[in-house]
Each structure stands twice: as C-alpha cells, then as structure tokens.
Amino acid sequence: MNRQISPAVHTMGYHGQNGGLFMAGDFVITGGHPLEGRVQIPAAKNSVLPLLAATLLCSGRVVLQGVPELSDVDQSMALLCAVGCRAQRQGRELVVEGQPRSCVLAAGPAAQMRASILFCAPLLARLGRAETVLPGGCDIGARPIDLHRKGLEKMGVHSFFAGDRLVLTAPGGLHGAQITLDFPSVGATETLLLAAALAQGETVLRGAAREPEIADLAAFLNRCGAVVQGAGSSTVRVQGRRLLTGCRYTPVADRIAAATFACACAAAGGRVELAGCAPALYAPVLEILEQMGCRVQRGQDAAEVSRYGKLWGAGKVFTGAYPGLATDAAPLLAAVMVCAQSGSSVEDVIFERRFGCAEGFAAMGARVRVRGRQFSAQPGGVLRGTEVTAPDLRGGAALVVAALAAKGKTRVSRTGCIHRGYAEFDRELASLGAQIEREIR
Ligand code: EPZ
C-alpha cells in the first residue's frame with residue numbers, strides 16, 4: 001500500500017506531550033518469560049534520517065530500502081513534503097522525488113526531532129537559504145548546534161535568529177573550507193558533509209565523527225555522484241559537485257536495535273538470533289554481555305546471543321565515540337545491570353542526562369544510583385512490576401527490557417517516544433515469546 005506523508009500528518013497524528021504517537025498506548029509486560037527466536041534488524045534510524053535530508057541534494061528519484069515504520073521517519077518525510085518534494089512509503093521502501101521549492105522547514109516536525117537540523121544544509125545548497133525552529137529530540141542533554149553553525153560559517157553561511165526561527169543564508173553560495181571540529185559530533189559531521197557535497201571546491205573536515213552512519217551517508221552521496229573520501233575516519237575530503245542524481249540504496253543496519261534485542265535476551269534469558277547486522281558494529285555491547293555471563297556466537301552479518309545461567313555485574317564501563325561503546329546503548333546495558341547478581345556501573349561521556357530510566361528501575365525495586373553522568377546498580381534489589389514512564393527513546397526501551405525480567409506486570413507509559421526508534425517493538429518482542437501487550441487507556 002502506498003502512503004503519502006503530508007505535513008498534516010504531524011498535526012493530526014503526533015503530539016509532543018505524549019512523546020510521539022498519539023495512539024501509541026501503554027506497554028504492559030509480564031516478566032519472567034525467556035526469549036527464543038530470530039529478529040531481522042532493519043535499516044538504522046540514524047542513517048535513514050540523514051539520508052532523507054540528503055535526498056534534497058538529488059535531482060533524481062531516490063529509493064531507500066528496508067526502512068522501518070518509525071515516527072521520526074514519518075516526521076522527516078513530512079519535512080520533505082512541506083518543502084515541495086514527494087515522499088511516499090511503498091511497503092518497506094521510501095520513494096523521494098521532486099525538487100525543494102521552499103526554504104522553510106515545517107515547525108511541527110522540525111521541533112519534534114533532532115535530525116531536523118540536518119535538512120538545513122541541503123536547503124542552503126539548493127536554495128541559498130534555510131529557516132527552521134530549533135530541533136527537538138530526546139531530552140538527554142543540552143544538545144546545542146554551535147558546531148553545525150560554526151562549520152557552515154566557514155563555508156559562507158550567515159546565521160541569525162528571527163524570533164524563534166533560525167535563519168541561515170549563503171548569499172555567495174557554499175564554498176569548500178578547511179574545518180576542524182572541536183568534538184566529533186555525528187550531526188555536525190553530517191551537516192558539513194551534506195553542505196560540502198554541493199559546495200564549490202574542496203572541503204576537508206578534520207576531527208569528524210567515525211560512526212557507521214557517517215560512512216553510510218558518504219556511500220549514499222557517492223552513489224549519487226558526490227566525491228567523498230575518508231568517511232569513517234577522522235579526516236573526510238569532499239570535492240563539491242553541481243548536483244547529485246538519485247539512486248536505489250539500502251541503508252546500514254540498525255546497530256542500536258540489534259544491541260537492544262541482545263540486551264533484552266540477556267535480561268530475560270533464552271536465545272535470540274540477530275540477523276542482518278554485522279556484530280562488529282556493536283562489538284562493545286556484545287563483549288560486555290559476554291563478561292556478564294551471556295554466550296555470543298558471531299557470524300559475518302548476524303549474531304546469536306544466549307543466556308541460560310546467572311548474570312554477573314559488568315564492573316565499570318564507559319561509552320565513547322565510535323568504535324567505543326555507543327551512548328545509545330548505555331541505558332539498555334543499564335537495564336541488564338539491574339538484573340545482575342553483582343554490581344556494575346556505566347558512565348556516558350557523550351550526554352549529560354542519559355539515565356532518565358533510573359527512576360523507573362528504582363520504582364521496580366532495583367538498587368540504582370545516578371551521580372553526574374554515571375549510573376550504578378548494586379545487587380540485592382528484586383525487580384517487581386509497577387507503573388513506569390518512558391523518559392526518552394532508549395530509556396523507554398531500557399524500561400521494557402528490565403520489565404522482561406521483573407516479577408509480575410509492568411506498565412510502561414509514554415511509549416510514543418519508543419516508537420521514534422523501534423517499529424512494532426511490542427510485536428517483535430512478543431514474537432520472541434515475551435508477554436507484552438499494548439493497551440490504550
Ligand atoms: C546523533 O545525535 C544520534 N541522533 C543520537 O541518537 C546519538 O545518541 C548521537 O548521535 C551520538 O552517537 C541522530 O543521528 C538523529 P552528536 P547528535 O552531535 O547528532 C554535543 C538515538 O537515541 N554537541 O554526536 O545530536 C552534544 O551536546 C539518538 O537514536 C555540541 O556541543 O549527536 C553531545 O554532548 C539520541 N554542539 C555531543 O556533542 C553541537 O553543535 C554528541 O552529539 C553538536 C553536538
């Protein structure tokens with residue numbers, strides 16, 4: 001079935017107060033059922049969103065394959081439609097065509113997600129101007145956009161605020177530049193790659209983020225005729241082109257979704273095969289789960305995680321920029337830590353407020369503490385079902401993971417934010433044997 005997304009979808013279907021989908025409902029989980037089965041890992045949300053922004057650089061039709069139905073994907077398609085493109089879902093494929101005619105990003109979808117800022121650089125490249133409200137997204141830290149703005153300035157962009165709108169203009173067009181990022185920001189690296197693809201001359205970006213989603217964006221751009229070298233390393237060189245074509249593309253698999261199901265299996269026990277995602281992409285998560293007592297078998301494009309014995313603490317672990325432990329996986333590992341027989345801690349060096357889920361773990365009876373950026377779990381608590389609220393995307397998924405191991409029923413509310421990054425999370429877990437239902441109150 002074809003489904004055209006229009007900006008109206010935003011106002012009709014999504015409400016910020018509920019954290020996302022209007023009809024998302026609560027998840028009601030009865031813990032204590034081991035998982036068994038196979039999950040096919042879909043395309044990564046954090047790759048699909050920049051790729052959708054990149055379609056604005058393309059004169060031809062773009063087809064993205066294997067894309068899960070996520071509210072952030074719908075919001076991105078609404079942004080594309082509002083600037084004059086056509087964006088349609090055809091089953092698991094997204095089809096985008098047409099040229100941007102407006103430089104104004106629709107405020108509703110733009111304010112809902114962080115990735116909306118990525119649509120500015122392509123509009124600047126095509127139309128010489130972009131206007132947007134500040135991006136929203138999960139409340140996990142301050143998340144400024146100074147690195148995006150500073151880098152763009154070097155490429156000829158002026159930016160200023162007019163009321164609540166950020167206005168960016170490139171009166172003389174975008175030109176290549178030598179840019180060094182103070183921090184390897186994923187979003188700023190993506191913004192600057194998108195700008196550089198159509199800038200005049202060469203851009204050299206040093207201190208770039210090395211996440212797999214960056215290499216994926218570069219591969220997509222190159223398939224469309226761009227000249228990007230070195231993506232995935234900390235120095236990226238881009239020779240600007242006049243315009244890009246379209247292409248058919250399968251984005252990289254979602255390493256955070258794979259890590260989530262691995263953690264779910266660790267918490268609930270049982271055996272789960274994670275198909276379609278190279279284990280190397282989330283190697284630190286798998287290594288920590290092994291230390292905690294899970295068995296992991298790795299293939300080239302799949303991993304099998306199993307846990308039939310006890311779970312032990314992980315000691316002290318830290319997140320880091322790729323290839324370190326992904327910040328997005330930290331709350332999910334925290335959910336496994338609260339199920340362990342000995343203590344562990346995880347510190348997130350990327351975001352200031354990663355562990356909003358700790359309150360929910362504590363309400364379930366876990367002995368946890370958050371000090372600054374560090375979460376720690378002590379043994380001795382017994383997890384019991386109760387009512388908890390999803391604080392953000394990964395924190396919400398982490399509460400579901402902990403609930404799989406809790407005695408009795410847990411109700412997780414505000415699940416709209418979980419739907420930002422997981423398609424049919426409840427059905428996928430239910431297919432593995434979890435007792436999980438969706439209730440609309
Ligand atoms: C991306 O966010 C992801 N989002 C996040 O995924 C992920 O947690 C994050 O990268 C880190 O891997 C998308 O791809 C849409 P950053 P982004 O810029 O780009 C600071 C999820 O759950 N910073 O690398 O916003 C910032 O405050 C989400 O799927 C500046 O100071 O991350 C943070 O401390 C959540 N100035 C750090 O850098 C800037 O201009 C890393 O942010 C930009 C960032």
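What is the order of the strands in the open sheet of four strands? The order is β12-β13-β15-β14, with mixed pairing. This is a predicted model, in which local features need pLDDT of at least 70, side-chain atom pairs count only at pLDDT 80 or more, and totals for chains, interfaces and linings use all residues. Residues are numbered from 1 along each chain as its sequence is written, and side-chain values use heavy atoms, with hydrogens and water left out.

**Sheet**
- Strands (E, at least two residues) and helices (H or I, at least four) are DSSP runs, numbered from the N terminus; two strands pair if DSSP finds at least two bridges between them.
- β12 (178–180) and β14 (227–229) stand at the edges with a single partner strand each, so one side of each has no neighbour in the sheet.
- From one strand to the next, the twist averages 15°.
- β13 (residues 202–206) and β15 (residues 235–239) run antiparallel, joined by five bridges.
- V204 has R237 of β15 as its bridge partner.
- α7 lies across β12, β13, β14 and β15, at about 25° to β15. Axes are lines fitted to C-alpha atoms, for helices over the stretch in contact (heavy atoms within 4.5 Å). Angles run from 0 to 180 degrees between N-to-C directions.

**Largest pocket**
- A pocket is an open set of points on a 1 Å grid over the protein atoms alone, where a 1.4 Å probe fits, with protein on both sides within 12 Å along at least five of seven lines.
- The largest pocket holds about 1,100 Å³ of space, the volume being the space filled by probe spheres set on the points.
- Its lining has 47 residues, each with an atom within 4 Å of a point.
- R114, R143, V186, G187 and F351 lie nearest the centre of the pocket.
- The lining divides into 24 nonpolar, eight polar and 15 charged residues. Asp, Glu, Lys and Arg count as charged; Ala, Val, Leu, Ile, Met, Phe, Trp, Tyr, Cys and Pro as nonpolar; the others, Gly among them, as polar.
- α2 gives the largest share of this lining, four residues.

**Buried parts**
- L105 sits in the loop between β8 (93–97) and α4 (107–112). L105 is buried, at 1% relative accessible area.
- Beyond its neighbours within four places in sequence, L105 has contacts that include L79, V83, F119 and R165.
- L105 and L79 are 26 residues apart along the chain, with C-alpha atoms separated by 6.2 Å.

How values were computed: Buried means under 20% relative accessible area, exposed over 50%, partly exposed in between (1.4 Å probe, protein chains only).
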